[in-house]
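Thank you all for coming.

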Amino acid sequence: VDSTNERRILEEKAQVFFRLADVRDRSYRWKKYRSCFVGCEMVDRMVYSGLSNTRWEAVQLGRALAKTLGLFENVNGKRLFADEMRFFAFGYGVLNVINDLQSEKLGSVVAIVQHDEVSVVSAPEMNESND
């Protein structure tokens with residue numbers, strides 16, 4: 001991303017991307033992956049929401065968000081974002097998105113960083129788990 005304006009637009013799209021993600025624990029071949037989303041499901045959400053016009057555009061945007069902002073990565077750290085059944089988890093780049101969301105009062109989100117892992121929960125979920 002070359003200009004400051006282009007980066008700002010990408011950051012705004014990152015906020016929408018973050019809010020669209022269906023993050024939860026998932027299993028594949030008897031292995032559990034914590035707090036992740038599925039690439040092809042995310043592409044569905046990006047197109048249906050209007051964040052992207054086509055599936056190809058959604059993949060390109062996802063790759064830009066991952067590479068430029070460090071927003072998320074493949075759970076195995078090896079694969080690019082794709083319109084496939086691959087798991088991805090938010091990385092440390094998501095903290096900037098969360099801070100922007102909180103400062104703009106678009107949502108109440110809390111990030112918990114533990115052992116090189118970022119867990120994101122809404123404030124009501126966090127309060128329920130503390131009871």
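This is a predicted model: local features need pLDDT of at least 70, side-chain atom pairs count only at pLDDT 80 or more; totals for chains, interfaces and linings use all residues.

Let me begin with the rings: Phe17, Phe18, Phe37, Phe72, Phe81, Phe88 and Phe90 form one aromatic cluster, where rings of Phe, Tyr and Trp (its six-membered ring) pair if their centres lie within 6.5 Å, and planes under 30 degrees apart count as stacked, over 60 as edge-to-face and the rest as tilted. Residues are numbered from 1 along each chain as its sequence is written, and side-chain values use heavy atoms, with hydrogens and water left out.

There are 12 aromatic pairs in the structure. The rings of Phe17 and Phe37 are edge-to-face, because their centres are 5.7 Å apart and their planes stand at 75°. This pair links distant parts of the chain, 20 residues apart, with Phe17 in helix H1 (residues 4–20) and Phe37 in strand S2 (residues 31–38); helices (H or I, at least four residues) and strands (E, at least two) are DSSP runs, numbered from the N terminus. Phe17 also forms an edge-to-face pair with Phe90, at 6.3 Å centre to centre and 90° between the planes. Since Phe90 lies in strand S4 (residues 87–90) and Phe17 in helix H1, that pair ties together parts that are 73 residues apart in sequence. Both Phe17 and Phe90 are buried, which here means under 20% relative accessible area, with exposed over 50% and partly exposed in between (1.4 Å probe, protein chains only).

Turning to the strands, we find an open sheet of 4 strands in the order S1-S2-S4-S3, with antiparallel pairing, and two strands pair if DSSP finds at least two bridges between them. Strand S1 (24–28) and strand S3 (72–74) stand at the edges, each with a single partner strand, so one side of each has no neighbour in the sheet. S2 and S4, which run antiparallel, are joined by 2 bridges, and Val38 has Phe87 in S4 as its bridge partner.

Finally, which residues of H3 are buried? They are Ala58, Val59, Leu61, Gly62, Leu65 and Leu69, and they pack against H1, H2 and S3, contact meaning heavy atoms within 4.5 Å. On the other side of H3, Trp56 and Lys67 are exposed, and the helix is followed by Gly70, whose phi is positive, near 65°.
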